[in-house]
Amino acid sequence: MPKNYAQISRAIVNAVGGLENIEAVTHCMTRLRFVVKDRAQVDNAALKAIDGVMGVVNTDTQCQVIIGNNVGKAYQELLNLGMPSADGGRPAAPRKWSLKRVGAGILDALIGTMSPLIPAIIGGSMVKLLAMILAMAGVFENGSTTLQLLNVIGDGAFFFLPVMVAASAAVKFKTNMSLAIAIAGVLVHPNFIDLMAKAAQGQPVEFTFIPVTAVKYTYTVIPALCMTWILSYIEKGVDRITPAVTKNFLKPMLIVLIAAPVAIIIIGPLGIWIGTGISSLVYTIHGYLGWLSVAIMGALWPLLVVTGMHRVFTPTIIQTIAETGKEGMVMPSEIGANLSLGGSSLAVALRTKNPELRQTALAAAASAIVAGISEPALYGVAVRLKRPLIASVISGFVCGAVAGLGGLASHSMASPGLFTSVQFFDPANPISVAWVVGVMILAVVLSFVLTLILGFEDIPETEEPPRAASAQGTEPVNRPAPVR
């Protein structure tokens with residue numbers, strides 16, 4: 001039955017303390033992300049009890065409500081209620097500094113900036129994969145203009161990623177988007193790229209007698225993100241010192257003249273070093289542990305998704321694919337993790353006596369297996385029933401190990417599922433197709449069998465509300481024996 005997202009959204013607003021307690025709201029692929037004024041007014045139990053809410057995750061800066069694949073519908077209904085969007089909320093009150101808060105703020109900025117860009121990145125990735133498949137199938141000859149244009153279409157989101165990041169970060173940091181785009185545009189300007197190429201060959205490049213470090217900014221995330229954060233402070237400072245009568249022309253000129261050189265000389269190179277350092281750390285671990293690192297990541301992936309930490313790897317994946325053409329640690333681990341959650345959900349659908357849970361589990365399984373979107377299965381089934389989550393973690397470890405031993409690597413960053421499995425096909429290694437198919441089948445079958453073996457505590461049809469009871473660890477009335 002289609003859900004009434006207008007009613008669901010009103011219930012969510014009431015549970016987070018009403019409109020007056022909400023600073024702003026945005027959403028990612030499956031979650032509504034609320035910035036609230038008073039965390040004490042948020043009723044987590046009431047949120048989890050709402051039909052249509054799969055779970056709640058509280059971070060230091062946000063209350064995240066998991067809706068699933070239809071999160072866009074719930075978000076639109078929230079806006080219809082007069083909810084302030086992420087770019088329309090009032091500044092939050094200053095908070096006490098702490099190392100934990102700084103870490104949470106960095107994570108929030110990274111996830112909040114990258115989440116809106118994921119559809120464009122996935123779309124571009126899949127177009128490039130289409131070009132690769134057409135070339136492999138011999139539909140078009142290598143070097144044909146059709147394939148070249150398809151690669152250009154697919155590469156657009158990656159080449160101009162700094163501009164996209166700047167636009168998204170401008171919303172997050174509440175600064176002028178057009179100025180952020182203009183400054184990021186400098187980093188991918190053809191003349192600037194040419195200058196950086198000359199600098200890389202040893203030709204001196206200076207700005208007002210200050211040497212400029214040779215850096216390639218296309219396909220990067222961190223430099224534009226850091227630059228836009230600094231821009232938000234530069235804009236406020238310039239606004240304070242410029243007379244009102246000159247703001248229309250003097251303010252934007254000063255902002256560009258200050259922010260662009262700072263980005264080119266300081267922030268850009270620093271951002272590149274940070275991004276490169278993170279990537280080097282991740283893949284140094286992969287180099288030492290090999291297939292075991294993929295196995296560990298496969299087991300940890302559902303837990304990373306629960307905390308939202310999985311988005312931390314997005315810049316690393318993008319940069320690695322841009323530099324090497326493939327990524328062989330994080331993405332292969334997702335095959336087993338996603339499809340294992342789907343297999344566990346299928347087992348729950350088979351054994352449960354609750355019609356509503358069966359419907360939820362079947363839909364979640366289809367989402368995880370076919371599309372690679374695992375959060376409906378994670379929150380609607382695995383976390384809710386606990387033992388299927390254990391089965392998925394075990395299966396994710398085993399399948400990650402197999403994917404690592406098979407040397408699987410992704411040429412894209414679409415969430416791994418049946419329809420996106422082509423991203424792991426290697427034209428130079430046809431046996432990779434067999435490895436991918438084998439890992440997918442193993443993930444579904446192993447998690448299905450493990451869930452049946454471990455069993456789970458079925459949810460009675462009369463239990464009300466089911467999510468509140470399971471989420472808080474309370475025991476439902478007349479609890480039945482575990483299903484096996």
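Visitor: Is the crossing of α5 and α6 left-handed or right-handed?
Guide: This is a predicted model. In it, helix α5 (residues 118-136) and α6 pack with their axes 7 Å apart. The crossing of these two, α5 and α6, is left-handed.

Visitor: Are α5 and α6 roughly parallel or roughly antiparallel to each other?
Guide: The angle between α5 and α6 is about 160°. Angles over 145 degrees count as roughly antiparallel. Therefore α5 and α6 are roughly antiparallel to each other.

Visitor: How many residues of the contact of α5 with α6 are charged?
Guide: On the α5 side the contact includes K128, and on the α6 side it includes D155. Asp, Glu, Lys and Arg count as charged. By class, the contact of α5 with α6 has eleven nonpolar residues, four polar and, as charged residues, two.

Visitor: Is D155 buried or exposed?
Guide: D155 lies in helix α6, which spans residues 145-159. Its relative accessible area is 17%, and buried means under 20%. D155 is therefore buried.

Visitor: With which side chain does the side chain of D155 make a polar contact?
Guide: Leaving aside neighbours within four places in sequence, D155 is in contact with K128 and Y219. The polar contact, at 3.2 Å, joins the side chain of D155 to that of K128.

Visitor: Is α7 oblique or roughly perpendicular to α10?
Guide: Helix α7 (residues 161-173) and helix α10 (residues 222-241) pack at an angle of about 40°, and their axes are 8 Å apart. Roughly perpendicular would need 65 to 115 degrees, and roughly parallel an angle under 35. So the relation of α7 to α10 is oblique.

Visitor: How many residues of the contact of α7 with α10 are nonpolar?
Guide: From α7 the contact includes P162, V165 and F173, and from α10 it includes L225, M227 and W229. The contact of α7 with α10 has no charged residues and two polar ones; the nonpolar number is ten.

Visitor: How do α1 and α3 lie relative to each other, roughly parallel or roughly perpendicular?
Guide: Helix α1 (residues 5-15) and helix α3 (residues 71-80) pack at an angle of about 65°, with axes 8 Å apart. The range for roughly perpendicular is 65 to 115 degrees. Therefore α1 and α3 are roughly perpendicular.

Visitor: Which residues in α3 do Y5, A6, S9 and V13 in α1 meet?
Guide: α1 passes α3 in a right-handed crossing. Those four residues in α1 meet, in α3, K73, A74, E77 and L78.

Methods. Residues numbered from 1 in each chain as written. Predicted model: local features only at pLDDT ≥ 70, side-chain atom pairs only at ≥ 80, totals over all residues. Heavy atoms only, no water. Buried < 20%, exposed > 50% of the residue type's maximum accessible area, 1.4 Å probe, protein only. Polar contact = N/O pair within 3.5 Å; in protein donor to acceptor, adjacent residues only side chain to side chain. Contact = heavy atoms within 4.5 Å. Axes fitted to C-alpha atoms, helices over the stretch in contact; angles between N-to-C directions. Left-handed = near helix turned anticlockwise from the far one by under 90°.
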